[in-house]
Amino acid sequence: MPKNSEKIAKEFSIVSNYTYEETPYESSFAGYKDWYIQEYNKPGYTIEVGNGTSPLPLSDFNKIYEDNKKILTLGLKLA
């Protein structure tokens with residue numbers, strides 16, 4: 001994991017009220033986030049949002065955006 005990855009994830013958790021959870025080892029190395037971390041050695045995160053079947057309805061967008069605006073702002077500050 002890149003330096004400060006866990007610290008940043010915990011800060012995201014605080015500003016969003018989402019629960020911080022570590023990725024289980026058996027599901028690591030399987031997606032875009034994992035490729036990004038390996039390729040660029042920078043922190044990468046998957047933030048699970050919304051409830052229901054994917055794709056979520058477009059009508060959920062505004063609430064999801066509002067719920068995650070602080071994560072986006074903090075991520076830009078820490079980049």
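This briefing describes the fold, the surface and selected side-chain pairings of one protein chain. The model is predicted, and its secondary structure comes to 3 helices and 0 strands, following the pattern α-α-α when read along the sequence. Along its principal axes, the C-alpha trace spans about 35 × 25 × 20 Å.

**Overall architecture**

- Of the 79 residues in the chain, 20% are buried, and the accessible surface of the chain comes to about 6,700 Å², with 54% of that area belonging to carbon and sulfur atoms.
- Among contacts with a separation of 6 or more, 55% are made by residues 24 or more positions apart.

- Leu74 is found in helix α3 and counts as buried because its relative accessibility is 12%, which falls under the 20% cut-off.
- Leaving aside residues up to four places away in sequence, Leu74 touches Glu11, Phe12 and Val15; Glu11 lies in helix α1.
- Leu74 and Val49 are 25 residues apart along the chain, and their C-alpha atoms are separated by 17 Å.
- On the surface, Leu58, Phe61, Tyr65 and Leu72 form a nonpolar patch that together has about 460 Å² of accessible area.
- Tyr65, one of the residues of this patch, is found in helix α3, which covers residues 61–78, and it counts as partly exposed because its relative accessibility is 38%.

**Salt bridges**

- Glu6 forms a salt bridge with Lys10, with the closest N and O atoms 3.2 Å apart; because the two residues are 4 residues apart in helix α1 (residues 5–16), they are separated by about one helical turn.
- Both partners of that pair count as partly exposed, Glu6 at 38% relative accessibility and Lys10 at 39%.
- Glu11 and Lys7 also meet in a salt bridge, at 2.9 Å from N to O, and these residues both lie in helix α1, 4 residues apart, about one turn of the helix.
- In this second pair, Glu11 is partly exposed at 22% relative accessibility, whereas Lys7 is exposed, with a relative accessible area of 52%.
- In helix α3, Lys69 and Glu66 are separated by about one helical turn because they are 3 residues apart, and they form a salt bridge whose closest N and O atoms are 3.0 Å apart.
- Lys69 counts as partly exposed at 33% relative accessibility, and Glu66 is likewise partly exposed, with a relative accessible area of 47%.

Note on methods
Residues are numbered from 1 along each chain as its sequence is written. This is a predicted model: local features need pLDDT of at least 70, side-chain atom pairs count only at pLDDT 80 or more; totals for chains, interfaces and linings use all residues. Side-chain values use heavy atoms; hydrogens and water are left out. Patches are made of residues with over 30% relative accessible area and no salt bridge: like charges are joined within 9 Å, nonpolar side chains (Val, Leu, Ile, Met, Phe, Trp, Tyr) within 5 Å. Accessible areas come from the Shrake-Rupley method with a 1.4 Å probe; for residues, only the protein chains shown count as cover. A salt bridge is a side-chain nitrogen of Lys or Arg within 4 Å of a carboxyl oxygen of Asp or Glu. Buried means under 20% relative accessible area, exposed over 50%, partly exposed in between (1.4 Å probe, protein chains only). Contact means heavy atoms within 4.5 Å.
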